[in-house]
Amino acid sequence: MRAQKLRPFVPSGEDFPLAVQFYTDLGFEKIFANHQGVIFKVDEMEFHLQNYHNVELQQNYMLELCVQDIDAWWTHIQNTEVVSKYQIRATAPKMQPYGKRAIHLIDPAGVLWHFTE
């Protein structure tokens, strides 16, 4: 028995079109879309952006995206200008107590992404 992929369902917040545009601007590829959600892909990683709003869930939802070059991702995030465009927060790569360097980025809905190396 083998698992092949884990696709989390990420809440979009109250403005689904804004969330879709945010992830598009961040460089994720849309591989499926309808009014209920979008499946986004980056390299071999995928997630469902669900057209769903629940503030408590969104502000407690976290994802970790493990990447090979955290500095390249930080440069990419800065170059996309999503932080200023969407008035979100992102922190530069920093060593974490659990031994990985990480970028923390909070999407427009309040979901916290950990980009780790």
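## Aromatic cluster

Phe22, Tyr23, Phe28, Phe40, Phe47, Trp73, Tyr86, Trp113 and Phe115 are linked into a cluster by ring pairs, where rings of Phe, Tyr and Trp (its six-membered ring) pair if their centres lie within 6.5 Å, and planes under 30 degrees apart count as stacked, over 60 as edge-to-face and the rest as tilted. This is a predicted model, in which local features need pLDDT of at least 70 and side-chain atom pairs count only at pLDDT 80 or more, while totals for chains, interfaces and linings use all residues. Residues are numbered from 1 along each chain as its sequence is written, and side-chain values use heavy atoms, with hydrogens and water left out.

## Two pairs that share Phe28

Twelve aromatic pairs are found in a search of the whole structure. The ring centres of Phe28 and Phe47 are 5.6 Å apart and the planes stand at 80°, so this pair is edge-to-face. Phe28 and Trp113 form a tilted pair, with 5.9 Å from centre to centre and 55° between the planes. Because Phe28 lies in the loop between α1 and β2 and Trp113 in strand β8, this pair ties together parts that are 85 residues apart in sequence; helices (H or I, at least four residues) and strands (E, at least two) are DSSP runs, numbered from the N terminus.

Leaving aside neighbours within four places in sequence, Trp113 is in contact (heavy atoms within 4.5 Å) with residues including Tyr23, Phe47, Leu63 and Ile103.
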